[in-house]
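Open the structure in your viewer and keep the selection tool ready. We will go stop by stop.

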Amino acid sequence: MHPAGPEDLVRAARRVGVFDERVLAALRTTMREAFLPLEDLRAVYDDAPLAIGHGQVTTQPSLSARMLEGLALTGGEHVLEIGTGAGFQTALLARLAGDVVSIEWWPDLSEQAGRVLATEGVDNVELVVGDGRRGVPERAPFDAVLVSAAALEVPVPLVEQLRWGGRLVQPIGAGGNERVMLFERTESGLRRIDVLALARFVRMRGRA
């Protein structure tokens, strides 16, 4: 049996149809064990969500990869992430974009993620604690938005903070049975491009 490691996550992403080599390279070079320090590396590099406290779980790595691929990042984008969590997906985003603003509801999760990101040398991320539904208007407009929590519709502030032509990925549903949707911002609002996956996400916190 081969030792557990990032290559397991690369294989899992390929199995669900992720072909973007930049996304696969980010998975290959980002150590999930740094963000989720479990003794059992097989659990860390399992393609599965892991609990991080407050009833929250990480996004399944292959699903993160599918969502990231949907954003079609080329390397210079200014990106908003809703839901920092443990910071692993934030680190992936940071390898794919120019810079990332990531907002988290729980201060202790944001603080811990910040410590690990700094230790791992990820220096193009700005962490914010607050209501993800409101976004971070003072840092807008964003070239792309990635939402890691479910809502019945995309919150209006997130639409308004996305530049025209920018892409947004969000799980749409009540929490527990979602369609992960890819949208593009147009002059008239959001245009649905694709359903990337069916998945289960926690509900987005904050002002309805």
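Start with helix 5. Select P61, S62, L63, S64, A65, M67, L68, E69, G70 and L71: these residues of helix 5 are buried. Helix 5 is mostly covered, with 10 of its 11 residues buried. Keep in mind that this is a predicted model.

A72 follows helix 5, and its phi is positive, near 55°.

Now go back to E69. This residue sits in helix 5, which spans residues 61-71. Is E69 buried or exposed? Its relative accessibility is 17%, and buried means under 20%, so E69 counts as buried.

What does E69 touch, leaving aside its neighbours within four places in sequence? Show G17, V18, F19, D20 and V23: E69 is in contact with each of them. Draw a distance from E69 to D20, C-alpha to C-alpha. The two are 6.3 Å apart in space, yet 49 residues apart in sequence.

Next, select helix 2, residues 21-29, and helix 6, residues 88-96. Their axes come within 9 Å and cross at roughly 130°. Helix 2 and helix 6 are therefore oblique to each other. The crossing of helix 2 past helix 6 is right-handed.

Which residues make this contact? On helix 2, pick R22, V23, A26, L27 and T29. On helix 6, pick F88, L92, R95 and L96. Colour the contact by class: 6 residues are nonpolar, 1 is polar and 2 are charged.

Finish on V23. This residue is part of the helix 2 contact with helix 6, and V23 is also in contact with E69.

Note on methods
Residues numbered from 1 in each chain as written. Predicted model: local features only at pLDDT ≥ 70, side-chain atom pairs only at ≥ 80, totals over all residues. Heavy atoms only, no water. Axes fitted to C-alpha atoms, helices over the stretch in contact; angles between N-to-C directions. Helix = DSSP H or I, 4+ residues; strand = E, 2+ residues; numbered from the N terminus. Parallel < 35°, antiparallel > 145°, perpendicular 65-115°, else oblique. Left-handed = near helix turned anticlockwise from the far one by under 90°. Contact = heavy atoms within 4.5 Å. Nonpolar A, V, L, I, M, F, W, Y, C, P; charged D, E, K, R; others polar. Buried < 20%, exposed > 50% of the residue type's maximum accessible area, 1.4 Å probe, protein only.
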